[in-house]
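Let's explore a protein model together, one question at a time.

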Amino acid sequence: MNKTPFLGLAVSFTLLVGSHASVVAQSQNSAAQTTATTSTVKTGTSTGKDLAISAAKSANHTILFRALRVSGLTEQASGKGPYTVFAPTNEAFEKLPAESVAELWKPEGKPKLIKLLAYHVVKGKFTADQLQDGQKLKTVTGGTLTVGKQGDAITITDGAGSTATINQADVEATNGIVHSIDTVLMPIAPKQ
C-alpha cells in the first residue's frame, strides 16, 4: 500500500488515470474559473465540515457516503482541495439498475466505483453563478462534463449524453463546494 500522504482526491484518482489528466483538468478549470461571469443564482448553505463529513451528515446522500467508504475515498474527500463535487442523491443512485449497483459494492468492483466517484469531482471551486451555459469542466479523471444553464436551472451532461439537474447548489464545505444532482453521471455510453 502506498505510504505517501494524500494530497486530496486528485492524487488518488490520478493513480488510476495518470497525473497528466489531473494537471490538464486543473489548468483548464482554472482558466474557465477566471473567465466565468456571474449571475444571481445562489441557494447554498455552509456545512462547516469537509466533503466527507458533509456527505455523511446529509440524509439525501447516504448511498454516496457508503460508496465513499466502500471505495476507501473518505480520507481523500477530507483532503485540502478545493474541489467542486456534483453529488448524486440517493434517488439518483436508485435510478441505476440494481445489479449494476450491487457490482460496485463487491471488492472486484472497487476500481470501477473509484472511477465513477472521481468522475463527479472537478478541481477548483465553481459556484452556481460561475457555471455558464456550454461550459466544459474537466473531471479529475480527465473526463468532460458540460454545463447547461437556462435561467435558474442548471444541468450537467456527462460523457454518455445523460443529463443531471442540480437540485441544490452551492453547499459550502471547508475544502470545496457541493452541487446535489438528481442523476449519476457516467463517463461514457454503456456498450450495447
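A nonpolar core is a set of buried Ala, Val, Leu, Ile, Met, Phe, Trp, Tyr and Cys residues joined through side-chain atoms within 4.5 Å. Keep in mind that the model is predicted.

Q: Which residues have the most contacts inside the largest nonpolar core?
A: In soluble globular proteins, nonpolar side chains tend to be buried together. Here the largest such core has 23 residues. Those with the most contacts inside it are Val85, Leu117 and Val184.

Q: Which element gives the most residues to this core?
A: Helix H4 (62–71), strand S1 (83–88), helix H5 (90–94), H6 and H7 are the elements that give two or more residues to it. The one that gives the most, with five residues, is H7.

Q: How many residues are in the other core, the one that includes Phe126?
A: This core lies apart from the largest one. Among its members are Phe126, Ile156, Ala169 and Leu185. Its count of residues is 16.

Q: Which side chain meets Glu172 in a salt bridge?
A: A salt bridge needs a side-chain nitrogen of Lys or Arg within 4 Å of a carboxyl oxygen of Asp or Glu. Glu172 lies in strand S6 (residues 163–173) and its partner in the loop between strand S2 (121–123) and strand S3 (136–138), so the pair ties together parts that are 47 residues apart in sequence. The N to O distance is 2.9 Å, and the partner is Lys125.

Q: Is Lys106, which meets Glu103 in a salt bridge, buried, partly exposed or exposed?
A: The side chains of Glu103 and Lys106 meet at 3.0 Å, N to O. Glu103 has a relative accessible area of 41% and is partly exposed. Because Lys106 has a relative accessible area of 35%, its class is partly exposed.

Q: Which residue lies over the face of Trp105?
A: For a charge to sit over a ring, NZ of Lys or CZ of Arg must be within 6 Å of the ring centre. Here the distance to the ring centre is 4.1 Å. The residue over the face of Trp105 is Arg66.

Q: Is Pro107 buried or exposed?
A: Pro107 is found in the loop between helix H6 (98–105) and helix H7 (110–118). Exposed means over 50% relative accessible area. Pro107 has a value of 70%, so Pro107 is exposed.

Technical notes:
Residues numbered from 1 in each chain as written. Predicted model: local features only at pLDDT ≥ 70, side-chain atom pairs only at ≥ 80, totals over all residues. Heavy atoms only, no water. Helix = DSSP H or I, 4+ residues; strand = E, 2+ residues; numbered from the N terminus. Buried < 20%, exposed > 50% of the residue type's maximum accessible area, 1.4 Å probe, protein only. Lys NZ or Arg CZ within 6 Å of the ring centre and 35° of its normal.
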